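Below is what I looked up, in the order I got to it.

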Amino acid sequence: MAFYNPDPAMGETLAHLVNQLASQGRPGLADELSITWLRYSQSLLDRAASLSGAAFEALPVAGAGWGGERQRYPASVVKLVYMVAAEAWLQQRLIEEDPEMRRALADMVRDSSNDATSLVVDLLSGTRSGPALPPARLAEWARQRRLVNTWLDSLGWPEWQESNACQKTWSDGPYGRERQFYGTALENRNRLSTDGTARLLQAVIAGALVSPPACERMRQLLWRSLDPDLRAADPENQVDGFLGEALPERSRLWSKAGWMSQARHDAAYVEAEGVDPFLLVVFSEGPACAKDTKLLPTIAATLLEHQRRA
């Protein structure tokens, strides 16, 4: 049972869009794409101010998905998970409030820094990268590294079943014990679904996870400027080439993108003039999708237009 109410019209629109994109010189796209699309009758931020987390979770949400339950390598979208986990750890006093930790969280989410992510994962798990370990020591190290997964399991969300958020993000790849931990066939890579990612982002935007003040701090990190001059000054702005590129300049956007040689992903909550607020998570896999800077903007533009006509 999805955490949203499936909307037949939204589902038909999504299926038509995927098939249309596949027919436009993108063979195999239907298997390379996962999408979760949610629509709200009012701003999630307004709901966050007036409803408790439990009350918000009980509200009906219209949505549709295309392969939304499928587990895929999330690239830097996993940093959304580590951000939320860090706030949860701080609330439980498992880690100490520290300016350097805050700087790392900001750089991890705003700039998608892999170096910052390395520090955050070390703080969350109490582990460190380094040379290969003998089996017994590696097993204990691995148990510690899986602490974020243990916390995710405690949420009781079906959308997180079979997900995996325990690896650092890399520019060149893992070495030493990190490579051991990946497994011989890389079977222990990070895995997320667009459904699970959408539910997590929804809870953050709505102030329904960890605490309202923590969610406000996280929303500040996720906010993206649509100002053309600011985007032009930052080639890695997580807007151009992603879902935010399709939005009118006066829209409001909170998002976390992921991009590497085999993937182009984005998770976004949007408030735009003339349409209901919506949340959209798109994972696209394969070298062709990774290079396709128009795929995610086209998806966002089409679904935005659908909401305008609805």
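**Helix α7 and its packing**

I began with the buried residues of α7, which pack against α5 (78–91), α6 (99–110), α8 (135–145) and α9. One caution for myself: this is a predicted model.

Which residues of α7 are buried? I noted Asn-114, Ala-116, Thr-117, Val-120, Val-121, Asp-122, Leu-124 and Ser-125. I reminded myself that an α-helix has 3.6 residues a turn, so residues three or four places apart point the same way.

Then I checked the length of α7, residues 114–125. Its twelve residues, at 1.5 Å a residue, should span 16 Å, and the end C-alpha atoms are 16 Å apart, so the two agree.

**Asn-149 and the cysteines**

Next I went to α9, residues 147–154, where Asn-149 sits. Is Asn-149 buried or exposed? Its relative accessibility is 11%, and because that is under the 20% cut-off, Asn-149 counts as buried. Leaving out residues up to four places away in sequence, I found Asn-149 touching Ser-163, Asn-164, Ala-165 and Cys-166.

Cys-166 made me look at burial again: its relative accessible area is 1%, so I put it down as buried. Cys-289 is buried too, with a relative accessible area of 3%. How many disulfides did I get? The count came to zero.

**The largest pocket**

I looked up the volume of the largest pocket and got about 740 Å³. Its lining has 31 residues, and Ser-76, Asn-114, Trp-170, Trp-259 and Met-260 are the ones nearest the centre. Asn-114 was already in my notes as one of the buried residues of α7.

Which element gives the largest share of the lining? That is β5, with four residues. Both α10 (177–182) and β5 (252–260) supply at least two residues each. By type, I wrote down eleven nonpolar, twelve polar and eight charged residues in the lining.

**Phe-242**

Last stop: Phe-242, in the loop between α13 (228–233) and β5. Phe-242 has a relative accessibility of 7%, so it counts as buried.

What does Phe-242 contact, apart from its neighbours within four places in sequence? My list reads Ala-257, Gly-258, Trp-259, Arg-264, His-265, Asp-266, Leu-296 and Pro-297. Trp-259 also turned up among the residues nearest the centre of the largest pocket.

I also checked Phe-242 against Val-282, which is 40 residues away along the chain. Their C-alpha atoms are separated by 9.4 Å.

Key
Residues are numbered from 1 along each chain as its sequence is written. This is a predicted model: local features need pLDDT of at least 70, side-chain atom pairs count only at pLDDT 80 or more; totals for chains, interfaces and linings use all residues. Side-chain values use heavy atoms; hydrogens and water are left out. Buried means under 20% relative accessible area, exposed over 50%, partly exposed in between (1.4 Å probe, protein chains only). Contact means heavy atoms within 4.5 Å. A disulfide is a pair of cysteine sulfur atoms within 2.5 Å. On a 1 Å grid over the protein atoms alone, a cavity is a set of points where a 1.4 Å probe fits but cannot get out, and a pocket is an open set with protein on both sides within 12 Å along at least five of seven lines; lining residues have an atom within 4 Å of a point. Grid points are joined across faces, edges and corners, and a volume is the space filled by probe spheres set on the points. Ala, Val, Leu, Ile, Met, Phe, Trp, Tyr, Cys and Pro count as nonpolar, Asp, Glu, Lys and Arg as charged, and the others, Gly among them, as polar. The expected span of a helix is 1.5 Å times one less than its number of residues.
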